[in-house]
Amino acid sequence: MPNKTDGIYFELQPRPTKGDDGRPLLYAQPVTGHKYNMDDIDDFCAKYRHTSKGEMQRLFSLLEEVVTMWVSEGNRVETPFGSFAPKLKLLGEHTDPARVTGIDVMYGGIDYIPSKQFVADADCSLHGFRLKKRRVGNSQMHDAEAMEMAIRKSTVNGYITISNFMWASGLKYGSAKRYLDSLCKGANPRLRCYQEGRTWHYVFRKDMPTE
């Protein structure tokens with residue numbers, strides 16, 4: 001079957017749980033193609049929806065003012081986008097309602113429930129979907145050849161830094177550091193590390209500077 005050449009891009013990421021084959025179960029998430037802001041909305045509506053320049057900016061600013069005013073008073077406000085209400089957090093662990101007072105409660109953000117119509121109007125399945133070819137999570141960590149190539153690419157002036165290894169391997173900071181640290185462990189570690197200023201340097205054992 002030929003690859004789909006149109007539709008919305010999605011990527012695969014690993015879940016914490018594993019399947020019967022011992023590998024992480026996957027989930028799909030959209031690949032953000034472009035991030036639109038209020039200026040984009042205002043420009044689009046002025047050009048294609050017969051509004052005046054700045055009208056959408058003023059409308060949303062007024063809507064935000066009124067909605068937050070009512071939400072801050074403890075109300076739920078329904079809009080075409082959905083409803084908004086304050087979320088509360090109970091500080092500490094309590095079992096006796098009689099011992100809970102106002103000082104035990106704090107503001108915890110906004111509870112947003114999208115309207116059914118908004119969800120239906122935003123349905124992106126009409127365009128179809130296509131997979132964005134990229135690594136799944138940190139799957140490259142299990143590819144010995146890929147990691148060896150990343151080690152070679154990130155070795156500069158005789159040592160490896162975490163930032164260089166991140167660039168060469170595609171791993172995020174925590175994963176890159178854990179992988180390099182793993183090479184410093186065991187009965188016969190391949191690397192050793194030392195710190196210069198705020199930067200960790202990883203060197204092959206034979207290149208480790210003497211103290």
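Helix axes are lines fitted to C-alpha atoms over the stretch in contact, and angles run from 0 to 180 degrees between N-to-C directions. Helices (H or I, at least four residues) and strands (E, at least two) are DSSP runs, numbered from the N terminus.

The model is predicted: local features need pLDDT of at least 70, side-chain atom pairs count only at pLDDT 80 or more, and totals for chains, interfaces and linings use all residues. Residues are numbered from 1 along each chain as its sequence is written, and side-chain values use heavy atoms, with hydrogens and water left out.

**Exercise 1.** Describe how helices H5 and H6 pack, and state which residues make the contact.

Solution.
- Step 1. Two packed helices are described by the angle between their axes and the distance between the axes.
- Step 2. For H5 (residues 162-169) and H6 (residues 173-182), the angle is about 105 degrees and the axes are 9 Å apart.
- Step 3. H5 and H6 are therefore roughly perpendicular (under 35 degrees is roughly parallel, over 145 roughly antiparallel, 65 to 115 roughly perpendicular, the rest oblique).
- Step 4. In contact (heavy atoms within 4.5 Å) are Ile162, Phe165 and Met166 from H5, with Tyr173, Ala176, Lys177, Tyr179 and Leu180 from H6.
- Step 5. By class, the contact has seven nonpolar, no polar and one charged residues (Ala, Val, Leu, Ile, Met, Phe, Trp, Tyr, Cys and Pro count as nonpolar, Asp, Glu, Lys and Arg as charged, the others, Gly among them, as polar).

**Exercise 2.** Classify the aromatic pairs Phe81 with Phe118 and Phe165 with Tyr179.

Solution.
- Step 1. Rings of Phe, Tyr and Trp (its six-membered ring) pair if their centres lie within 6.5 Å; planes under 30 degrees apart are stacked, over 60 edge-to-face, the rest tilted.
- Step 2. Phe81 and Phe118 are 5.3 Å centre to centre with 80 degrees between the planes, an edge-to-face pair.
- Step 3. Phe81 lies in the loop between strand S3 (77-79) and strand S4 (82-90) and Phe118 in helix H3 (residues 116-121), so the pair ties together parts 37 residues apart in sequence.
- Step 4. Phe165 and Tyr179 are stacked, at 5.6 Å and 15 degrees.
- Step 5. Phe165 has 0% relative accessibility and is buried; Tyr179, at 16%, is also buried (buried is under 20% relative accessible area, exposed over 50%, partly exposed in between; 1.4 Å probe, protein chains only).

**Exercise 3.** Over which ring does the charged end of Lys177 sit?

Solution.
- Step 1. The criterion is NZ of Lys or CZ of Arg within 6 Å of the ring centre and within 35 degrees of the ring normal.
- Step 2. The ring is that of Trp200, with its centre 5.9 Å from the charged end of Lys177.
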